[in-house]
Amino acid sequence: MTAPPRNPLEARPALVGEPGLNVALSRIGFSPASAPKTDLALRRREWMLDVMEAQRALSEEARAIPRVRGLSSQDFLDSYYAPGRPVVIERAIDHWPALKRWTPDYLRRKVGDAPVENQGDRAANPDFEIDGYSHKKVLPFGAYMDLIAAGSGNDAYVTANNSAANRAALAPLERDLGHIDTYLTRAHGMMWIGPGGTFTPLHFDLTNNLIAQIVGRKSVIMLPPSESARLHHGRHVFSAVRDLEDETRLVLYPLARAARRFVVDLGPGDLLYSPIGWWHQVRSRDFSVTITYTNFRWPNEGFDSFPAD
Ligand SMILES: O=C(O)CCC(=O)C(=O)O
């Protein structure tokens, strides 16, 4: 006879919604009698999320992250923004001049040697995102482009954390962009520029985000908020797992293996709606430029009430 698992979720073979899961969920952790009240309340909340997600998984249509074209403002609000459901809106910004113009040489010519902040020296620190402030570096833009032209990797990346500092330096690129009035108000986005191989570790955002892919391809792994119990929420918005594709991390955090995930591939012209609370990690496949927006036409204020560390 095999010993009962310490945590039945750990023994769960695959997706929520499989026969036997309800039994397993009811046996998680301590017995209700001995558990502190707060722990019981938390486990009941996890249970609710799990069974709701299991129900959604009954339908292929309901559980997918759809790829659509020509989505109206009202349909976006009704079917995606308000329900907090991710969607890829393909070819939404195909007509922006940036998609044709933004080669590395063109970017160098337009930005010149203006000082640009980036997140640097990341390779040596696995917590480079949590320790983001200590990784801020400033280089003339040409020197940054030389650095990332040297090869693919995750050592240096211009990210949203640098966007306020880079507003003036990157302003000459703005004229190559259009507007996304169907879903957004008019405001600046946050620009991400990096080589193939950049990696943004597993986290969720405190706002709804629209990720606009301008140059190159990215691969995004997305997981619903209901998977939080398997993703070891660590500091702030980050998962201690860091990378769901790294076997050495999965050995440390085996629950994460069973977390329901979606792989979303983005290419130039695609928009990904990433709702607040959805876990995601992002890898670039090529030299890549992305702009992220939070200025939706509808309220986007979850961050105000987030319980901080
Ligand atoms: O493109 C990336 O590297 C990360 C984007 C992202 O995770 C975000 O905007 O929350």
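Does E53 count as buried or exposed, and at what relative accessibility? At 8% relative accessibility, E53 counts as buried; buried means under 20% relative accessible area, exposed over 50%, and partly exposed in between, with a 1.4 Å probe and protein chains only.

1. Basis of the note. This is a predicted model, in which local features need pLDDT of at least 70 and side-chain atom pairs count only at pLDDT 80 or more, while totals for chains, interfaces and linings use all residues. Residues are numbered from 1 along each chain as its sequence is written, and side-chain values use heavy atoms, with hydrogens and water left out.

2. The pair E53 and R56. R56 forms a salt bridge with E53, with 2.9 Å between the closest N and O atoms; a salt bridge is a side-chain nitrogen of Lys or Arg within 4 Å of a carboxyl oxygen of Asp or Glu. The two residues are three apart in helix α3 (residues 37–56), and about one helical turn separates them. Helices (H or I, at least four residues) and strands (E, at least two) are DSSP runs, numbered from the N terminus. R56 counts as partly exposed, at 25% relative accessibility.

3. Other salt bridges. By this rule the count comes to 22 salt bridges. One of them joins R242 and D127 at 3.6 Å, N to O. This pair links distant parts of the chain, 115 residues apart: R242 is in the loop between β8 and α10, and D127 is in the loop between β3 (115–119) and β4 (136–140). R242 is partly exposed at 22%, and D127 is also partly exposed, at 29%. Salt bridges that share partners join D50, E53, R56, E227, R230 and R260 into one network.

4. The sheet. Six strands form an open sheet with mixed pairing, in the order β1-β2-β10-β7-β12-β5. Strands β1 (67–68) and β5 (190–194) are at the edges and have a single partner strand each, so one side of each is left without a neighbour in the sheet. Within the sheet, β7 (residues 209–215) and β12 (residues 288–293) pair in the antiparallel sense over five bridges; two strands pair if DSSP finds at least two bridges between them.

5. The nonpolar cores. The largest nonpolar core has 42 residues, of which F76, W102, F141, I180 and I214 touch the most other members. Such a core is a set of buried Ala, Val, Leu, Ile, Met, Phe, Trp, Tyr and Cys residues joined through side-chain atoms within 4.5 Å. A second, separate core of 13 residues includes L223, F238, V241 and A256.
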